[in-house]
Amino acid sequence: MILTVTMNPAYDLTYRLERLERGRAQRVLAVEQRLGGKGINVTRVLCQLGSSVRATGFADHLFAAAAGAEFPADFVPALPWVRRTVVVSESRDGTATGLWEPGAYVHEPHAVDRLLDRVAFLLPELRGLVVSGSLPGGVDDGVPAELARAAVAAGVPAVCDVDGPALKLAATVPGIVLMPNQDELERLTGIIAETPGAVAAATRPLLAAGVRAVVATRGAAGMVAVTASGAWSATLPEPLPGNPTGAGDAAAAAVIRALAAPGEPDWPALLTDAVATSAAAVVIPVAGEIDLTLRDRLTPAVHVTALDPESRP
């Protein structure tokens with residue numbers, strides 16, 4: 001079983017219209033609302049891919065009940081309310097504009113301990129752990145690192161897709177797999193890495209400090225995976241238009257699915273699947289779903305290149 005952790009979930013609202021025109025009232029063609037948050041998106045994609053998965057994290061009672069009705073879930077009800085994220089999706093050219101509300105503040109003094117206990121209880125039956133997304137107020141930046149450290153100590157692969165101080169602390173956990181996007185990687189390393197070789201070079205100190213792997217997502221430019229055994233870049237021949245919200249979460253689902261399989265992962269194959277799965281999310285208007293048929297069709301088109309281990313920024 002794979003466990004996802006979402007500490008700052010959201011209700012995802014998607015407004016569909018032909019074209020967004022600022023400064024005037026417009027009629028929305030369609031509205032969709034669903035449970036969201038990065039870990040929730042990972043959970044849904046894993047369900048689509050046929051993996052055994054459970055979701056946990058923080059929520060209010062209403063969100064926790066709705067999550068449990070949709071997929072296996074066990075949330076700690078520590079939030080007074082759950083935020084909303086709004087995506088305006090334009091059908092004319094596929095442009096998507098996102099508006100993210102801040103999360104609620106966790107006042108419950110033992111909320112983090114309760115979450116850590118739930119994860120610890122499940123560790124013996126886990127094949128993988130994913131900690132994704134931002135943290136609500138009142139939760140220490142070190143909690144994702146603490147969860148990952150417990151998983152790795154138990155022999156469970158751990159992926160962290162977090163940002164800011166939480167990412168810096170996660171990068172101190174030996175054996176962890178980090179999944180930053182381009183901006184997050186630059187904030188983590190202090191290096192502007194504009195090419196795959198520069199990304200590989202920028203991540204080398206992280207690996208030297210004990211990180212198992214870095215899978216850097218670069219939007220339309222593909223992904224770069226860096227491990228102790230090598231570095232690879234993967235791209236599609238052409239980027240797909242659509243809604244990129246949730247593409248990184250789909251990639252995280254592909255990565256943890258490969259890491260949860262028996263044996264040492266084939267990193268070029270893992271990277272191929274992550275790129276195809278991510279692209280298959282872009283064409284879906286809402287986050288947390290992929291086009292399985294498109295994923296299968298795109299997989300042979302992914303181009304993987306081994307990077308020079310001596311690459312420099």
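Student: Which residue in E11 does Leu-178 stand opposite?
Tutor: Leu-178 stands opposite Val-214 in E11. Keep in mind that this is a predicted model.

Student: How do E10 and E11 pair, parallel or antiparallel?
Tutor: Parallel, over two bridges. Strand E10 covers residues 177-178.

Student: And E11 with E12, parallel or antiparallel?
Tutor: Antiparallel, over five bridges. Strand E12 spans residues 223-227.

Student: How many residues of E11 are buried?
Tutor: Five of its five. The strand runs over residues 213-217.

Student: Which residues go on which side?
Tutor: Ala-213, Val-215 and Thr-217 are on one side. Val-214 and Ala-216 are on the other. Both faces are covered. In a regular strand, side chains alternate between the two faces of the sheet.

Student: Zoom out. What is the strand order in the sheet?
Tutor: It goes E5-E4-E1-E8-E9-E10-E11-E12-E13-E14. That is an open sheet of 10 strands with mixed pairing.

Student: Which strands stand at the edges?
Tutor: E5 (76-77) and E14 (303-306). Each has a single partner strand, so one side of each is left without a neighbour in the sheet.

Student: How does E13 join E14?
Tutor: Through four bridges, and the two run antiparallel. Strand E13 holds residues 230-235. Thr-235 has His-303 of E14 as its bridge partner.

Student: New topic: Arg-34. Where is its place?
Tutor: In strand E3, residues 30-36.

Student: Is Arg-34 buried or exposed, and why?
Tutor: Buried, because its relative accessible area is 17% and the cut-off for buried is under 20%.

Student: What does Arg-34 touch?
Tutor: Leaving out residues up to four places away in sequence, its contacts include Asp-12, Arg-44 and Glu-289. Tyr-11 and Val-286 are also among them.

Student: Now the whole chain. How many helices and strands?
Tutor: 10 helices and 14 strands. Buried residues make up 52% of the 313 residues.

Student: What about the radius of gyration?
Tutor: The chain has 19 Å. A compact globule with 313 residues would have a value near 20 Å, so the two agree. The C-alpha atoms fill a box of roughly 55 × 50 × 35 Å along the principal axes.

Notes. Residues are numbered from 1 along each chain as its sequence is written. This is a predicted model: local features need pLDDT of at least 70, side-chain atom pairs count only at pLDDT 80 or more; totals for chains, interfaces and linings use all residues. Side-chain values use heavy atoms; hydrogens and water are left out. The radius of gyration is taken over C-alpha atoms; the globule rule is 2.2 Å times the number of residues to the power 0.38. Buried means under 20% relative accessible area, exposed over 50%, partly exposed in between (1.4 Å probe, protein chains only). Contact means heavy atoms within 4.5 Å. Two strands pair if DSSP finds at least two bridges between them.
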